[in-house]
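Q: I would like to learn how to read the features of a protein model. Can we work through them one at a time?

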Amino acid sequence: MFREMRRNRQMLPMEETLELLKKGTSGVLALLGDEDYPYAVPVSYVYADEKLYFHGARSGHKLDAIRKQDKASFCVISQDRIMPEEYTTYFRSVIAFGRIRILEDEAEMRRAIEILAEKYSPDVSEAGRRQEIDKTWNALCMLEFTIEHVTGKEAIELARGRK
């Protein structure tokens, strides 16, 4: 169903691929937008329980696209070091394909936003994070991305360095 990576010598081991997802702080969520144009939007996220979670407003282009089509992809670039003398970049990236849904259940929403808040505000107390969540709760939308296929890739120069 999903294509094999053409340059499979550059494929990251699954453990490293998932580690990049865990450590990343932002990525690009790609959806099928208006008039079937691709809609790619940068978002903050958290990877937990083999899923991705995003937050946002309760209305807008992103939600309209999800309601229309639940298939999505998500890309994270964890390294992109420009090597001008080599006319290339030394990169590491991940792309995930899957299905995305709008969380409706309050318990699921609360769990997802708490995981997200902990990632981005680890030095704030749990009570402090909960207070901030409660202030914005009525405007909050949480999204869950179930990964069906994921691959990591790195620049050939980095792959050669592994050997």
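Predicted model: local features only at pLDDT ≥ 70, side-chain atom pairs only at ≥ 80, totals over all residues.

A: We start with residue classes.

Q: What is the volume of the largest pocket?
A: First the general idea. Rolling a probe the size of a water molecule over the atoms shows where empty space is left. In this structure the largest pocket has a volume of about 260 Å³. It is lined by 14 residues, and the closest to its centre are Ile113, Ala117, Ser121, Glu132 and Ile133.

Q: Which element gives the largest share of the lining of the largest pocket?
A: Helix α4 does, with five residues. Both α3 (106–120) and α4 (126–136) supply at least two residues each.

Q: Now the strands. How many bridges join β5 to β6?
A: There are 12 bridges, and the two strands run antiparallel. Strand β6 covers residues 88–102.

Q: How many residues lie between β5 and β6 in their hairpin?
A: Four residues lie between them. Look at Tyr87 in the turn, with its positive phi of about 55 degrees. Tyr87 has this phi although it is not a glycine.

Q: Is Tyr87 buried or exposed?
A: The cut-off for exposed is over 50% relative accessible area. Tyr87 counts as exposed because its relative accessibility is 79%. Its place is in the loop between β5 and β6.

Q: Which strands pair with β1?
A: Strand β1 (residues 26–32) pairs with β5 (residues 71–83) in the antiparallel sense, over three bridges. There, Val28 stands opposite Cys75 in β5. Strand β1 also pairs with β2 (residues 38–44), again in the antiparallel sense, over seven bridges. In that pairing, Tyr39 in β2 is the bridge partner of Leu31.

Q: How many residues does the largest nonpolar core have?
A: The general idea comes first. In soluble globular proteins, nonpolar side chains tend to be buried together. Here the largest nonpolar core has 26 residues. Those with the most contacts inside it are Leu21, Leu29, Leu52, Phe54, Phe74, Ile100 and Phe145. At least two residues each come from α1, β1, β2, β4 (51–57), α2 (61–68), β5, β6 and β7 (140–154). Strand β7 gives the largest share, five residues.

Q: What is Phe74 in contact with, leaving aside its neighbours within four places in sequence?
A: Its contacts include Val28, Leu29, Val43, Leu52, Phe54, Ile95 and Phe145. A second, separate core has 13 residues, among them Ala48, Leu103, Met109 and Ile113.

Q: Why is Ser93 classed as buried?
A: The cut-off for buried is under 20%. Ser93 has a relative accessible area of 15%, so it is buried. Ser93 is found in strand β6. Leaving aside neighbours within four places in sequence, its contacts include Leu12, Leu20, Ile77 and Thr151.

Q: Where is Thr151, and is it buried or exposed?
A: Thr151 is found in strand β7. Thr151 is buried, because its relative accessible area is 15%. Not counting residues up to four places away in sequence, Thr151 touches Met5, Thr17, Ser93, Val94 and Ile95.

Q: Where is Met14?
A: Met14 is in helix α1 (residues 14–23). Met14 is partly exposed, with a relative accessible area of 43%. Its C-alpha atom is separated by 8.4 Å from that of Val150, 136 residues apart along the chain.

Notes
Residues numbered from 1 in each chain as written. Heavy atoms only, no water. Pairing = 2+ DSSP bridges. Buried < 20%, exposed > 50% of the residue type's maximum accessible area, 1.4 Å probe, protein only. 1 Å grid on protein atoms, 1.4 Å probe; cavity = no way out; pocket = protein on both sides within 12 Å on 5 of 7 lines; lining within 4 Å. Points joined across faces, edges and corners; volume = space filled by probe spheres on them. Contact = heavy atoms within 4.5 Å. Core = buried A, V, L, I, M, F, W, Y, C linked by side-chain atoms within 4.5 Å.
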